[in-house]
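Here's a quick tour of the model you have open. Keep the viewer handy and follow along.

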Protein chains: 2
Amino acid sequence: MSGSVQGFSRRAVLGGAGAGLAAGATAGVLGGRAAATPAASAPPALGRTAVPFHGTHQAGILQPQQARVQLAAFDLTGGDRSALRQLMKRWSDTAARLTRGEPAGDHENQIATDAGPCALTVTFGFGSSLFDRIGLTAQRPPALAPLPAFPEDALDRARSDGDLWVQIGADDALVAFHALRVLQQQAAGTASLRWQMSGFSRTPGATDRAMTGRNLMGQVDGTNNPKPDTPDFAAKVFTDGPGWSAGGSYVVFRRIRMLLDNWENLPTDRQERVIGRRKSDGAPLSGGTESTPVDLAKQNPDGILAIPADAHIRVAAPASNGGAAMLRRGFSYQDGLLPDGSLDAGLLFLAFQADPARGFVPVQRRLARGDSLSRFLRHEASGLYVVPPGAAEGGYVGQGLLDG
Amino acid sequence: MSGSVQGFSRRAVLGGAGAGLAAGATAGVLGGRAAATPAASAPPALGRTAVPFHGTHQAGILQPQQARVQLAAFDLTGGDRSALRQLMKRWSDTAARLTRGEPAGDHENQIATDAGPCALTVTFGFGSSLFDRIGLTAQRPPALAPLPAFPEDALDRARSDGDLWVQIGADDALVAFHALRVLQQQAAGTASLRWQMSGFSRTPGATDRAMTGRNLMGQVDGTNNPKPDTPDFAAKVFTDGPGWSAGGSYVVFRRIRMLLDNWENLPTDRQERVIGRRKSDGAPLSGGTESTPVDLAKQNPDGILAIPADAHIRVAAPASNGGAAMLRRGFSYQDGLLPDGSLDAGLLFLAFQADPARGFVPVQRRLARGDSLSRFLRHEASGLYVVPPGAAEGGYVGQGLLDG
């Protein structure tokens, strides 16, 4: 099985910086899923879809969301920088193998041997605490400063933060589980799981269109994501530095529980005014279709703002936040019943950005105060991680930091 | 959107009793997934796949396992038989609509409107407690007697039992979630959720073959299921009565946690001797391929039994249990970390059978004592429900009991 995305040359996917990066990014976004099309008549097209691990950026940022995600954080059990280096080498090697559909190694417990890679991506991040732990405090990027406390935060620190962060996505749940187990086994003696959560997105082929995600509230979610073919896309998502982190990103993770019983008691037209978009197709209340730019100034004939002053898309809009933008890649979660009998369900929010101070932080500051959606949400866990640039073949993720 | 499975006439799927039933059953098993093949070039083939709700048997027994399952039990909040009748009518009507890909109703909260039914099935069961609650103790089938306690059971009663049981399967997680939410909303005032769990199976297209399931231990699981084209299949799975339950079944549910850290410490050859099958392809250790009948008497050249005396497939074999057989339809689950730091993961075991006293009970009695696999498993929740026969169009599930 080839490691390249079918229909796109490895070169195109790996891309370069600047304009080349934008082209590469587009191939990355379209490639993973488009690869299934030419061979749709063969049964395992979904299984065969392969996303290269190596590249300018780590995989799992620009690719379409897979049907299943595993999120996990690990804490180092010691402070040994060289053990961490060995682990990142081994994890990178394993992720590259698994994303090609190869076994992870000779002694590995085979779980999902009968499937292809199913668009598997494995993405690694480093938390702020890691830098203290391994004696590299001076190398910690300033952008990794702790997120401020936001009003209404109800964070469980045991399910927040962590030295190492891993995002595993695949279109088959067993493939994603298998990758998690292999990484966990390989970490034994060096790092142990701090928290782990599972989420889901749509199954390829379930819907009729190249779609934006839909969350458990039934709302189209992610429409206003920055587009890879726009000139400032890379500047919004990928960092210039310092040094070892150039070409990387910062990911903000929030476990956001949805108060679905309250939400579903609202009639659809009131839900739409809370969001600012039509529920059926995601079109903004200022008119048009899902992709029509939001007109925040538009007034209805009665002089009332078409998109209410406290509507989610107004408060979250870049225009309301000095141009702040981030690439959201959230997955839904559902974890049984809470003690009060309601479903424990919501959004594993993930957003990639060049600088949280110009992305998540200003947006969430406004949302926590002025967004009418916020009364239906509870932020229960949180994390901020630097996502190192992608590894070249033969290299490993984090090499610029750990070999430095 | 048509309610019939493409490529199979509605008549064939609805089938009849006896020989007709076996033919219908086969169509049901093959139809749901096979339906995707003729239209594989159109993007939403997976989404369009529709499994009829109405029929001799309820849907969700004979169909291939979907990528996602929702399991839930409800308890009646009152003892009103007529309110239950109204709920079962409404649930049946809603399930029929959703499985055709139609909205559930005018006032419903639309969540997954942009997908087809994605092979959605909704299956209802009645627990023993229901019959007392609605004053129909005399109509409770003897086969619904409580399961005996088994050695090593560690059951959480809050996540066991329940008056009403619902199994929702779909190839898209949001479609399954949507169906659960709609049923939950419709139950308000009549029944409330007692417990809820989510599980997964393989995504269609992930693997190369018409496959038996593979569990989180990496083992092929379900090979020895009774086959719908064998003459005694219906007698093993569907009950003859009494009266209102004829054509129905009994489902045993067990939440079985897997001690994966212990399991994965075993080398593959020892795992294979615990199970009695090869891990890579599920072939029995007595030789052949996955579908080769197990030869329990086969000895290796050294005179040792090829399938060890305490191997799972020997202890569970019908030949070891007076012919006891059941149709297993289990899903994997994974629910984050336990307090000891291990993954809370395993199998949502489901088995349909004509009579638990000739199915699950004798097999589990032997497994709990003599199965070398049992030391890697913990049974943490349990349920037994009568699964009424399917509803005809215009009727509802449980009508024979509740209109009686």
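Where is the place of B:Asp161? B:Asp161 sits in the loop between helix 5 (128–133) and strand 3 (164–170) of chain B.

## Before you start

This is a predicted model, where local features need pLDDT of at least 70 and side-chain atom pairs count only at pLDDT 80 or more, while totals for chains, interfaces and linings use all residues. Residues are numbered from 1 along each chain as its sequence is written, chains are lettered from A and ligands numbered from 1 in the order written, and side-chain values use heavy atoms, with hydrogens and water left out.

## Chain A at a glance

Chain A has 12 helices and 11 strands. These are DSSP runs numbered from the N terminus: H or I of at least four residues for helices, E of at least two for strands. Of its 404 residues, 58% are buried (under 20% relative accessible area; exposed is over 50% and partly exposed in between, with a 1.4 Å probe and protein chains only).

An unreviewed UniProt entry annotates residues 213–391 of chain A as "domain: Dyp-type peroxidase C-terminal"; positions there follow the numbering used here, feature names are shortened, and annotations may be inferred rather than shown by experiment. That stretch is 19% helix and 25% strand, with its end C-alpha atoms 29 Å apart.

## Inside the protein

The largest nonpolar core has 172 residues, and A:Leu164 and B:Leu164 have the most contacts inside it. Such a core is a set of buried Ala, Val, Leu, Ile, Met, Phe, Trp, Tyr and Cys residues joined through side-chain atoms within 4.5 Å. Leaving out residues up to four places away in sequence, A:Leu164 touches several partners, including A:Phe74, A:Trp91 and A:Phe126 (contact means heavy atoms within 4.5 Å).

A:Ser92, in helix 4 (residues 81–99) of chain A, is buried at 2% relative accessible area. Beyond its neighbours within four places, A:Ser92 contacts A:Phe53, A:Phe124, A:Gly395, A:Tyr396 and A:Val397.

Most residues other than glycine have a negative phi, and most peptide bonds are trans. Phi of B:Asp161 is near 60 degrees, a positive value, and B:Asp161 is partly exposed at 28% relative accessibility. In chain A, A:Asp161 has a positive phi of about 55 degrees and is partly exposed at 27%.

There are cis peptide bonds to look at, too. One joins A:Gly241 and A:Pro242, with omega about 15 degrees; another runs from B:Gly241 to B:Pro242, with omega near 10 degrees. A:Pro242 is in the loop between helix 7 (233–237) and strand 7 (249–258) of chain A.
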